[in-house]
Amino acid sequence: MPSPIVKLQDQDNQSQDLIITPSSSGIALTGTIGIPGDKSISHRALMLGAIAEGETTIEGLLLGEDPMSTAKCFRAMGAKISKLNSEKVIVQGVGLGNLTEPIHVLNAGNSGTTIRLMLGLLASHPGKFFTITGDKSLRSRPMSRVVNPLSQMGANIWGREDNSLAPLAVRGQQLKAIHYLSPVASAQVKSCVLLAGLMVDGKTTVTEPALSRDHSERMLRAFGAELEVNPKTNSVTITGQPTLTGQKVIVPGDISSAAFWLVAAAIIPGSELLITNVGVNPTRTGILEALEMMEADIVKENERTVAGEPVADLRVKYSQLKACIIGGKIIPRLIDEIPILAVAAAFASGTTVIKDAAELRVKESDRLAVMATELGKMGARIKELGDGLEITGGASLTGADVDSFTDHRIAMSLAIASLNAKETTTIHRAEAASISYPNFVATLRQAISN
Ligand code: S3P
């Protein structure tokens, strides 16, 4: 049987093509794979470690470009962060309110979590001045969603397009407590306001239309902050001016990275994978519920709690998937998995509809538009809706020339689709995967060689 070929080809200094030629008999994925640390938890561990008193140790940190951006920013503001590695990173915090004024522009790179969470901290450092920017994608993403609540708290933030686009300049202020009714279910918005609330005298509350990931709440509590959560109203209240003390954080594997393998094994006949050490926080497991609705064969094994976060191993086997309808409150719980769900839907019988997902238009790329065009180039019957996608499965996909639009999750979703397509697919700008998954291609090679 001719073996599948997975090649990386440098295009220029920055850009890489990923070329995938499946063997004619298909590529079954088998064996046990580990996945990189959770991106959201990695950012928060670095940030809380940097503003706490004393030492924080982080095991399992994601070595992707996004957490590296966070580490660089906080080093520039006085935190001592050891060389990043996935075994053990040591952070010596400055103590709440003691970030120093950086002498250069802070650069959040591609990372929405870095810029939005950090803005909450910067805006609440009275008398200090900060400037912050990011890459081309980040400079086009809306910052008004965090500038608005911070302004209500008294923050001074300036930027292009009515203070809504980076680069942003911030003059720190003594902020005041508010109750913010967020129009979007966004953990970045919620976390930004809670972090700003740390420096406030009084209680700051955020209410969101649906519950978004709660890693900030869990970790803030572990570091010593007082939080009240009202699950009925999706509200969380933080009491200002706590003492935050450095902690030992163990970062579980990222379910958003596991999602690529869950879908790959579910759609490729003969596959069976065991994915170990996956974070299964209920605010993140929408992908498991969606795949269950599609009749995927996924079993949770060895469920446990590690450093305050639920963790399990996930065993996934091939099965014929069925279409489903995904929308409403589940969307924030699988917001980053919609591109790979679209790939699953392309191989399911029937028509899958994903709705209430307009947020995808303001991610690292417009993920609705990009998935519709790029998966469409491979022959998928996929239609872009205003707030989602409609995908009719069953068309056999053929290799094509596709582009990641420098979006990590698009690059990896297209790679998984190409494993199950006829002939060669070339994914341009595939290096984007390293934003959240530096070993993606190595793990792909491992899973197909077993
Ligand atoms: C994140 C929250 C999500 C998600 C992003 C990471 C976080 O964004 O898409 O990849 O770490 O808080 P929103 O909360 O803005 O939807």
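Student: Is Lys-203 buried, partly exposed or exposed, and what is the relative accessibility of Lys-203?

Tutor: This is a predicted model, in which local features need pLDDT of at least 70 and side-chain atom pairs count only at pLDDT 80 or more, whereas totals for chains, interfaces and linings use all residues. Residues are numbered from 1 along each chain as its sequence is written, and side-chain values use heavy atoms, with hydrogens and water left out. Buried means under 20% relative accessible area, exposed over 50%, and partly exposed in between (1.4 Å probe, protein chains only). Lys-203, at 44% relative accessibility, counts as partly exposed.

Student: With which residue does Lys-203 meet in a salt bridge?

Tutor: Side chains of opposite charge can pair when their charged atoms come close. A salt bridge is a side-chain nitrogen of Lys or Arg within 4 Å of a carboxyl oxygen of Asp or Glu. Here the partner of Lys-203 is Glu-228, at 3.0 Å from N to O. Glu-228 is partly exposed, with a relative accessible area of 39%.

Student: Which residue forms a salt bridge with Glu-364?

Tutor: Glu-364 pairs with Arg-141, and their closest N and O atoms are 3.9 Å apart. Both Glu-364 and Arg-141 are buried.

Student: How many salt bridges does a search of the whole structure find?

Tutor: The search finds 24 salt bridges. Another of these joins Asp-403 and Arg-429 at 2.6 Å, N to O; Asp-403 is buried at 13% relative accessibility, while Arg-429 is partly exposed, at 30% relative accessible area.
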